Amino acid sequence: MMKHPLKRIKKIWAFVTGFIRAKHYQKTTRLALLKHQTQAFNTFKSQTLSQSSYYQDYLDSPLTAFPVINKKIHMENFDRINTAGLSREKALEIAITSENTRDFTPSYGQYAVGLSSGTSGHRGLFVSSEIERSEWAGYMMAKALPHYYRSQRIAFFLRANNQLYESTQSLFIQYRFFDLMTELKTHINALEQYNPSILIAPASVLRNLCLLKPNIQPKKIIAVAEVLEEHDKQKISTFFGQKVHQIYQCTEGFLGISCAQGNLHLNEDNIIIEKQWIDKAQQRFSPIVTDLRRTTQPIVRYLLDDVLVEDITPCPCGSSHTRIKSIEGRKDDVLQLKNEANENVDIYSDFIRNTIVANCQHIDEYRVIQTHSDTLTIECTPYSSDNTQAITAGLNVLFNRLNVRQPQYRFQPYTAPNKGEKRRRVIRTFK
Ligand SMILES: [Zn+2]
């Protein structure tokens, strides 16, 4: 019956190790956690980085001697960084086709490929092997499930599915992807029938779901992908009568999750986070991420554009993992365009960001501002006809798919935000 019993055993083992590690380091002391990180980094160097041609010169060096890179540098060197001989061009082609066809099953050999835009202007690729996905699933289950001995039904609302998320599916766990490319209200019937025990969605979607008043009884609500703002948190919490949890996951890894007290902690048993201070007095920093568990696409000293604010008061949950007060710097607005029936349709910033970076060959900065019900002012650098044409074409396809009327586009060169101001990619000034 089973074609590859050894492979299956390896996958189960990976799931179990991920699960155990997540449980083991939850209550450990800070000192033990740091010691674990040092040991895990040495293993990571000898087992994974030794296979990456980009890191050959650093194998005997401490972490602090490794270069700090960002998404642009990571993507430019993708072919040399990854340990599986994958080509960026081919991986991008597969990921973009998946985005456009909404079929997220195609893979690159045994590797699943995903695309993300994040907040920077560059396309990010995420590749993972089956073993990595199983381990991720075990780790995620241990951290996120309220009662992992009971069967669960996960409903996942997201812009794009990925085989990584599907890997949580097992005997006791059902998983269903709800595509945000389809209007939210059309999902309500299916959602009510499915009646998820765990509801996972971006904060703005959770808030909009509350307005549609679905008849569901989830046991746990988890906000992902966007900043969870206090007023949204309260609305969602009131409607569902429970705490709203958060998962901080991006292309660069599964970085954090909220504890039983509802406070966000970094997953420092799996990742090392160095701080690039923005404002030390206010505990505000950008994270430099080293992921100790990624083997296909190593993430080493990778600077994110996110802005985190640390909460230095110990959490009542007893965790020694860094506690985060808030994630800033991803504060985009939701745009509103009209459909043929003249109703407002919410356009999530994630769609806009992803469309722009997926369509432009070279774009460093951009901003989309909805200044009127049917007008978008779009700024970009380089301000070239290649970019304006690519953005126009990409957005037209997006709006067509979302069944909204095409707005007018006004292009202009990008203007940097004032110092200290948060960078927002997608803004709605029109109320
Ligand atoms: Zn806590």
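Biologist: How do the axes of helix H11 and helix H12 cross, and at roughly what angle?
Modeller: This is a predicted model. In it, the axes of H11 (residues 349-359) and H12 (residues 385-401) come within 9 Å. They cross at roughly 135 degrees. That makes H11 oblique to H12.

Biologist: Is the crossing of H11 and H12 left-handed or right-handed?
Modeller: H11 passes H12 in a right-handed crossing.

Biologist: Which residues make the contact?
Modeller: From H11, Phe351, Ile352, Thr355, Ile356 and Asn359. From H12, Ala390, Ile391, Gly394, Leu395, Leu398 and Phe399.

Biologist: New topic. What are the protein donors of the zinc ion?
Modeller: Cys259 (SG), His265 (NE2), Cys315 (SG) and Cys317 (SG). They lie 2.1 to 2.3 Å from the zinc ion.

Biologist: And what geometry does the zinc site have?
Modeller: Tetrahedral, with angles of 106 to 112 degrees among the four donor atoms.

Biologist: How are the donor residues spaced in sequence?
Modeller: The spacing is C-x5-H-x49-C-x1-C. His265 sits in strand S10 (residues 264-266), and Cys317 in the loop between strand S14 (307-310) and strand S15 (323-328), so this pair ties together parts 52 residues apart in sequence.

Biologist: Are His265 and Cys317 buried or exposed?
Modeller: Both His265 and Cys317 are buried.

Biologist: Last one. Where is Thr429?
Modeller: Thr429 is in the segment after strand S21 (426-428). Thr429 counts as partly exposed because its relative accessibility is 47%.

Biologist: What is Thr429 in contact with, leaving aside neighbours within four places in sequence?
Modeller: Ile369, Gln370 and Thr371. The C-alpha atoms of Thr429 and Ile369 are separated by 6.9 Å, though the two are 60 residues apart along the chain.

Technical notes
Residues are numbered from 1 along each chain as its sequence is written. This is a predicted model: local features need pLDDT of at least 70, side-chain atom pairs count only at pLDDT 80 or more; totals for chains, interfaces and linings use all residues. Side-chain values use heavy atoms; hydrogens and water are left out. Donors are N, O and S atoms within 2.8 Å of the metal (3.2 Å for Na, K and Ca); water is not among the atoms, so sites may look incomplete. Four donors count as tetrahedral if all angles lie between 85 and 135 degrees; four count as square planar and six as octahedral if opposite donors are over 155 degrees apart and all others between 65 and 115; anything else is irregular. Helices (H or I, at least four residues) and strands (E, at least two) are DSSP runs, numbered from the N terminus. Buried means under 20% relative accessible area, exposed over 50%, partly exposed in between (1.4 Å probe, protein chains only). Axes are lines fitted to C-alpha atoms, for helices over the stretch in contact, and angles run from 0 to 180 degrees between N-to-C directions. Angles under 35 degrees count as roughly parallel, over 145 as roughly antiparallel, 65 to 115 as roughly perpendicular and the rest as oblique. A crossing is left-handed if the near helix is turned anticlockwise from the far one by less than a right angle, and right-handed if clockwise. Contact means heavy atoms within 4.5 Å.
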